[in-house]
Amino acid sequence: MQDPNVGAPAFRPAPGAKPRSGEPELLSPHDLDTRTASFGAAILAVLLAGCGSGGAPPEVTVVDGPGALSIKGEVWADNWFAFYLGDRLIIEDSVPITTERSFNAEAFVFNADYPLQLNFVAKDFKQDDTGLEYIGRGNQQMGDGGLIAQFTDAATGDPVAVTDSAWRCLVVHEAPLDRACEDEADPEPGVGPCQFTATPEPEGWRMPGFDDSDWPSAVEHSAAAVRPKGGYDAIDWRNDARLIWSADLETQNTLLCRLTVKEPA
Ligand SMILES: [Ca+2]
Ligand SMILES: [Ca+2]
């Protein structure tokens with residue numbers, strides 16, 4: 001099976017970053033982007049701290065933007081995510097969702113100011129609105145999702161946020177609505193057991209003031225249930241970072257997840 005991390009990422013590393021490779025590499029100060037020299041030392045500290053356990057950690061993408069804080073994010077998703085700070089897109093999963101077995105972790109550093117409005121769009125792959133994958137093949141199935149993330153103050157190493165049930169996640173695509181669809185010989189979206197619901201993103205959901213009080217709490221799922229794959233083991237996850245999704249890992253295919261983080265006292 002080809003390593004899904006091989007090939008040109010859609011979201012390119014910062015200038016000077018080396019291509020993904022089999023061995024962790026320490027970056028010299030020369031490798032750091034001179035645009036961001038003011039917090040270059042902090043980034044270097046994070047990069048150094050990130051090297052170590054569980055195979056090659058992902059390259060750290062440096063994202064320019066306003067804010068006095070420098071925060072490191074680490075994310076693993078089955079199959080795809082986009083991460084926003086408020087309305088600002090910070091990073092998209094570098095492996096397209098259409099890549100078979102598109103499992104990989106991402107690490108990135110971005111600037112921010114408290115309070116932090118952390119937002120994810122998370123997608124489990126679906127071939128079409130039946131929600132199925134491998135349609136017409138012997139392994140035709142619903143497929144399942146999963147998301148884990150942790151955020152760290154790059155200057156101090158202090159934890160900032162982790163995924164857990166404190167997040168709220170709204171399902172915006174669910175299919176199939178009857179699991180019997182998985183066994184249909186010729187599944188068609190909206191036909192028989194292969195009904196689906198697809199709803200637009202609520203207006204302004206990424207903004208700090210959005211009222212998510214009627215969104216369900218994220219559901220913490222075990223590693224045994226999610227079976228996290230490629231890239232997951234390359235990150236040194238904190239003990240309180242949980243694999244989250246909505247209630248149903250298989251039929252709930254697209255989620256919006258959000259958490260507001262206040263400035264530590
Ligand atoms: Ca999946
Ligand atoms: Ca699914």
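Tutor: Let's start with one definition: a residue is buried if 20 or more other C-beta atoms lie within 10 Å of its own, exposed if 12 or fewer, and partly exposed in between, with C-beta atoms placed from the backbone. The model is a predicted one, where local features need pLDDT of at least 70 and side-chain atom pairs count only at pLDDT 80 or more, while totals for chains, interfaces and linings use all residues. Residues are numbered from 1 along each chain as its sequence is written, and chains are lettered from A and ligands numbered from 1 in the order in which they are written.

Student: Which peptide bonds are cis here?

Tutor: One joins aspartate 78 and asparagine 79, with omega about 5°. Asparagine 79 lies in the loop between strand S2 (69-78) and S3. Another runs from alanine 175 to proline 176, with omega near -10°. Proline 176 is in the loop between strand S9 (168-174) and S10.

Student: How do you know that S3 and S6 pair?

Tutor: Two strands pair if DSSP finds at least two bridges between them. Strand S3 (residues 80-85) and strand S6 (residues 116-123) have six bridges, in the antiparallel sense, so they pass the cut-off of the definition. Leucine 85 has leucine 118 as its bridge partner in S6, and phenylalanine 83 stands opposite phenylalanine 120.

Student: What makes S4 and S10 edge strands?

Tutor: The open sheet of six strands has the order S4-S3-S6-S13-S9-S10, with antiparallel pairing. Strand S4 (88-92) and strand S10 (197-198) each have a single partner strand, so one side of each has no neighbour in the sheet.

Student: In what sense do S1 and S5 pair?

Tutor: Parallel: S1 and strand S5 (residues 104-112) share four bridges, and valine 60 stands opposite alanine 107. From S1 (residues 60-63), Val60 and Val62 point one way while Thr61 and Val63 point the other, and all are buried. In a regular strand the side chains alternate between the two faces of the sheet.

Student: What makes a set of residues a nonpolar core?

Tutor: The members are buried Ala, Val, Leu, Ile, Met, Phe, Trp, Tyr and Cys residues, joined through C-beta atoms within 7 Å. The largest core here has 49 residues, and Phe81 and Leu147 touch the most other members. S5 gives this core the most, with six residues.

Student: Which residues does phenylalanine 81 touch?

Tutor: Leaving out residues up to four places away in sequence, the contacts (C-beta atoms, placed from the backbone, within 7 Å) are Val75, Asp93, Phe120, Val121, Ala122 and Leu147.

Student: Where does pLDDT stay under 50?

Tutor: Over residues 1-53. pLDDT is the predictor's confidence in each residue, from 0 to 100. The protein averages 84, and 78% of the residues score at least 70. Where pLDDT is low, the predicted coordinates should not be read in detail.

Methods
Helix = DSSP H or I, 4+ residues; strand = E, 2+ residues; numbered from the N terminus. Contact = placed C-beta atoms within 7 Å.
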